[in-house]
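Please look at the structure shown here. The paragraphs below go through it step by step, from a single chain to the way the copies are arranged.

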4 protein chains.
Amino acid sequence: MSDITDTQNSWLSEDDIDTMRGKMPIVYVNAIPVRTDDLGVVSHLGLLLRLDATGEVNREVVSGRVLYGERVRDALLRHLEKDLGPLALPRIPPSPQPFTVVEYFPNPDITGFYDPRQHAVSLAYVVPVEGDCEPSQDALDLVWLRPDEVVSPTVAAELSPGHEKLVRRALAHVGRLP
Amino acid sequence: MSDITDTQNSWLSEDDIDTMRGKMPIVYVNAIPVRTDDLGVVSHLGLLLRLDATGEVNREVVSGRVLYGERVRDALLRHLEKDLGPLALPRIPPSPQPFTVVEYFPNPDITGFYDPRQHAVSLAYVVPVEGDCEPSQDALDLVWLRPDEVVSPTVAAELSPGHEKLVRRALAHVGRLP
Amino acid sequence: MSDITDTQNSWLSEDDIDTMRGKMPIVYVNAIPVRTDDLGVVSHLGLLLRLDATGEVNREVVSGRVLYGERVRDALLRHLEKDLGPLALPRIPPSPQPFTVVEYFPNPDITGFYDPRQHAVSLAYVVPVEGDCEPSQDALDLVWLRPDEVVSPTVAAELSPGHEKLVRRALAHVGRLP
Amino acid sequence: MSDITDTQNSWLSEDDIDTMRGKMPIVYVNAIPVRTDDLGVVSHLGLLLRLDATGEVNREVVSGRVLYGERVRDALLRHLEKDLGPLALPRIPPSPQPFTVVEYFPNPDITGFYDPRQHAVSLAYVVPVEGDCEPSQDALDLVWLRPDEVVSPTVAAELSPGHEKLVRRALAHVGRLP
């Protein structure tokens, strides 16, 4: 599937994207990977570890653009497989209703969600993941943390401010915000 | 788990329940079993076949009472296992938020959902089911139907009026109401 | 409307209720009163001030039982009018879908929501309130607090542990958890 | 507010938009205007009447693009005021969570929602409207219909296929799908 969508996108140059980023809101998805027990209770939340441009360690949830011609659920699966590997077995929710919508702006004052590159509208979903995860691409690692660990000051400080708020909204939605 | 909850309930006689049914709203759950593809798109909805008191064939979704001391998700799993068998592997959703709440009354005019025995408040969830289902208890069979089959006049006529409305709300919620 | 529901309930004695509280889950509603601007952004959340049995000041959201024969939205309006007065003009949401379901147990370990008297299943709704509020009944006062004030340690300490978690879930749902 | 957003958009030429429409998903909002009673029960749904390019009468809900720099709720208010007039008093919901997401494609087979011009991702909200509505812009009229009228064959035939499905999802969400 990623082959197809990559192909669809291949004729859209980086220049084109940059131009559009200054003119239109860009559609994104956020996936919050979780482990659950048999009753659906969330026991752990998955955070990716990356190095940012300055060499700092950053924790993030799965995030990415929806391509032209791609459904939201195609984009969710593509980004989950890209970040968690092909054996992660994500359970994309049956409903298209996101648990929240996050709006990132180059102006940090509008919503408190800041993206210097663009205005992005991101549909966020909690996605149970049942398989084996092996972070691929540019992620250093994937760690599974309990809800109380996710909101601890140490972890919160390593999340980008936007993702920190987003994971707390996700924990609230699944009834696990400490 | 069903042992525990049955025990919890064993000292509550049928007489007690009947008395309460005339005095208090009773908490119920409804589970809509669905099959999905890898992208989470609902392909089929599971309906139980039962004979009612008059010998008529009835189609229903999974439904039952929440017992004293039992969480909503415990009740969902208990009723799903009771109706679909122990190998059904239901994926109880991580969020406690139901997609709708259905209120049944002995007076059919209040909400259009009618139950001559009681006032029931039912929390309804769409539950992807991945394993092998074998209807147990008093169900004759479990059939998996496509969304267009579920809303066909033939099938709709065999659903109780309440369950007919409920499955259409569920299909709308997952974006599959034809 | 309160007349009708009070009448419906009048033949249910306190003894009856106490008996049932030990045998069945009881249906509750929680309403989180909010003030919004013209765009629907929540600016303030309303908390009731009460004295508890020991003379301590407690902050709470609107909360109460659903009576036999009463719809969830009837119960919401009845409890909102009882606590905020007849001129509060609450805007009961059009959808029956609660933003969360909270389960209170006499055993504090099951969900973290504790009620020594009963097992309660509470459907929670965010309710914009546009009119003039005058706390009636046993409430001392109603205060409107900004989201950052609601989660401040001082206010959080005066909320019951259950309501403290509930208001943070509500703030997360409306995108205003600081 | 519309002045500001119009200005923000003014430097984006029609040519630019057309170019982007072939390269990126475009963010839209859909607002389903409803009348409710004091309990929040939806009594009527508002449909706009327009003439399409061929002179046919079409019924539609409120729909439009989210502009660069504009929040989803700004876009909802702007399009509601544009279509229903400045005195409509729409009650934009406090939560950013849409009740559904609709994806329109130039290929009608992907989701069943078809838009020959573009790939649009539309966030849909039910919006209670309390004031006086006077259809402006290019709408001929605004009619308020009961749920049973909305789903009648006559009305359904005048809705675009996409909007016909969308209004039934909205009715299901508010518990009023007949």
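Chain A has 178 residues, and a compact globule of that length would have a radius of gyration near 16 Å; the value for chain A is 16 Å, so the two agree. The radius is taken over C-alpha atoms, and the globule rule is 2.2 Å times the number of residues to the power 0.38. Along the principal axes, the C-alpha atoms of chain A fill a box of roughly 45 × 35 × 35 Å. This is a predicted model, in which local features need pLDDT of at least 70 and side-chain atom pairs count only at pLDDT 80 or more, while totals for chains, interfaces and linings use all residues. Residues are numbered from 1 along each chain as its sequence is written, and chains are lettered from A and ligands numbered from 1 in the order in which they are written.

Six helices and seven strands make up the elements of chain A. Helices (H or I, at least four residues) and strands (E, at least two) are DSSP runs, numbered from the N terminus. Read from the N terminus, their order is α-α-β-β-β-β-α-β-β-β-α-α-α. Of the 178 residues in chain A, 51% are buried. A residue counts as buried if 20 or more other C-beta atoms lie within 10 Å of its own, as exposed if 12 or fewer do, and as partly exposed in between, with C-beta atoms placed from the backbone. Among contacts in chain A between residues at least 6 apart in sequence, 69% join residues at least 24 apart; a contact means that the C-beta atoms, placed from the backbone, lie within 7 Å.

Next comes a strand of chain D. Strand S6 (residues 120-128) of chain D is mostly covered, with nine of its nine residues buried. D:Ala120, D:Ser122, D:Ala124, D:Val126 and D:Pro128 point one way from S6(D), while D:Val121, D:Leu123, D:Tyr125 and D:Val127 point the other way. Which strands does S6(D) pair with? Strand S1 (residues 26-36) of chain D runs parallel to S6(D) and is joined to it by nine bridges; here D:Pro33 has D:Val127 as its bridge partner. Strand S5 (residues 100-104) of chain D runs antiparallel to S6(D), with five bridges, and D:Glu103 stands opposite D:Val121. Pairing requires that DSSP finds at least two bridges between two strands.

Helix H6 (residues 161-173) of chain D has 13 residues and reaches 19 Å from its first C-alpha to its last, close to the 18 Å expected. The expected span is 1.5 Å times one less than the number of residues. Eleven of the 13 residues of H6(D) are buried, so this helix is largely enclosed by the rest of the structure. Among them are D:His163, D:Leu166 and D:Arg169. After H6(D) comes D:Gly175, whose phi is positive, near 75°.

In chain A, helix H6 (residues 161-173) gives the most to the side that touches chain C, with five residues. The contact as a whole takes eight residues from chain A and eight residues from chain C. On the side of chain A, these are two nonpolar, three polar and three charged; Ala, Val, Leu, Ile, Met, Phe, Trp, Tyr, Cys and Pro count as nonpolar, Asp, Glu, Lys and Arg as charged, and the others, Gly among them, as polar.

Conventions
Two residues are in contact if their C-beta atoms, placed from the backbone, lie within 7 Å.
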